[in-house]
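Here are my notes for you on this one, written as numbered points. Keep the structure open while you read and look up each residue as it comes along.

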Amino acid sequence: RDFHVTQPANRINFGLNSISLQSSIEIDRLTSLDKKNLITFRSSLEYWGFRWNTQDGGSVVLTHSPKIFDWQVGYCEFIKTLTHVSNNLGSTNISPPFLLRLLKLKSCRGAMMGDGAMYSAF
């Protein structure tokens, strides 16, 4: 199962499982603000399934990312999620763009093809 669903108050909340990457990815081109936000919003990024290590010298290595419907989220989505979480002050109430795109894609496919792929993960 790729993610779990809970329904507190009148909303669906996704907490994504983190899957180890086959090869760790060094995250380059992070600004000092990005590195500060990694520390500040670590729990929010981990909630969405991202894990990383900080190496000596300050470099960041992505070690885990969410996997949803057999799709492993990577470097670009990590950076976009960092920006998203930072812009929303760490809130996990607003799903990151990669998750919304994937759910839209799967629901559209399910509607057009009539398959149960959207619901097989629940």
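1. A definition to begin with: a residue is called buried when its relative accessible area is under 20%, exposed when it is over 50%, and partly exposed in between. Now try it on Arg 42, which has a relative accessible area of 32% and is therefore partly exposed. Please also keep in mind that you are looking at a predicted model.

2. Next, the overall layout. The protein chain has four helices and six strands. If you walk along the sequence, the pattern reads β-β-β-α-α-β-β-β-α-α. The chain has 122 residues, and buried ones make up 38% of them. Its accessible surface is about 7300 Å², with 52% of that belonging to carbon and sulfur atoms. Take the contacts with a separation of 6 or more, and you'll find that 63% of them are between residues 24 or more positions apart.

3. How many salt bridges does a search of the whole structure find? The search turns up two. As a bit of background, side chains of opposite charge can pair when their charged atoms come close. The next two points take the bridges in turn.

4. Back to Arg 42, then. Its side chain meets that of Glu 46 in a salt bridge, at 3.0 Å from N to O. Both residues sit in helix α2 (residues 42–47), and because they are four residues apart there, about one helical turn separates them. Glu 46 has a relative accessibility of 26%, so it counts as partly exposed, and you'll remember that Arg 42 is partly exposed as well, at 32%.

5. The other bridge joins the side chains of Arg 101 and Glu 77, with 2.7 Å from N to O. This pair links distant parts of the chain: Arg 101 belongs to helix α4 and Glu 77 to helix α3, and they are 24 residues apart. Are the two partners buried or exposed, or something in between? Arg 101 has 41% relative accessibility, so it is partly exposed. Glu 77 comes in at 11%, so it counts as buried.

6. Now have a look at how two helices meet. In general, a packed pair is described by the angle between the axes and the distance between them. For helix α1 (residues 32–40) and helix α3 (residues 75–87), the axes come within 10 Å and cross at roughly 75 degrees. Because angles of 65 to 115 degrees count as roughly perpendicular, α1 is roughly perpendicular to α3. On the α1 side, the contact is made by Asp 34, Asn 37 and Leu 38, while α3 brings Phe 78, Leu 82 and Ser 86. Sort these contact residues by type and you get three nonpolar, two polar and one charged.

7. Asn 37 deserves a paragraph of its own. You'll find it in helix α1, and at 12% relative accessibility it counts as buried. Leaving aside neighbours within four places in sequence, Asn 37 is in contact with Arg 42, Leu 82 and Ser 86. Asn 37 and Leu 89 are 52 residues apart in sequence, yet their C-alpha atoms are 9.4 Å apart in space.

8. Two serines are worth a click. Ser 44 is in helix α2 and is buried, with 6% relative accessibility. Not counting residues up to four places away in sequence, Ser 44 touches Val 85, Gly 90, Ser 91 and Thr 92. Ser 95 is found in the loop between α3 and α4 (97–113), and it is also buried, with a relative accessible area of 17%.

9. Finally, check a couple of backbone angles. Which phi value does Arg 29 have? It is near 65 degrees, a positive value in a residue other than glycine. Arg 29 lies in the loop between β3 (18–27) and α1 and counts as exposed, at 73% relative accessibility. Leu 89 has a positive phi too, of about 55 degrees, although it is not a glycine. Its place is in the loop between α3 and α4, and with a relative accessible area of 69% Leu 89 is exposed.

Technical notes: Residues numbered from 1 in each chain as written. Predicted model: local features only at pLDDT ≥ 70, side-chain atom pairs only at ≥ 80, totals over all residues. Heavy atoms only, no water. Axes fitted to C-alpha atoms, helices over the stretch in contact; angles between N-to-C directions. Parallel < 35°, antiparallel > 145°, perpendicular 65-115°, else oblique. Contact = heavy atoms within 4.5 Å. Nonpolar A, V, L, I, M, F, W, Y, C, P; charged D, E, K, R; others polar. Buried < 20%, exposed > 50% of the residue type's maximum accessible area, 1.4 Å probe, protein only. Areas by Shrake-Rupley, 256 points an atom, 1.4 Å probe, with all protein chains shown as cover. Salt bridge = Lys/Arg side-chain N within 4 Å of Asp/Glu carboxyl O.
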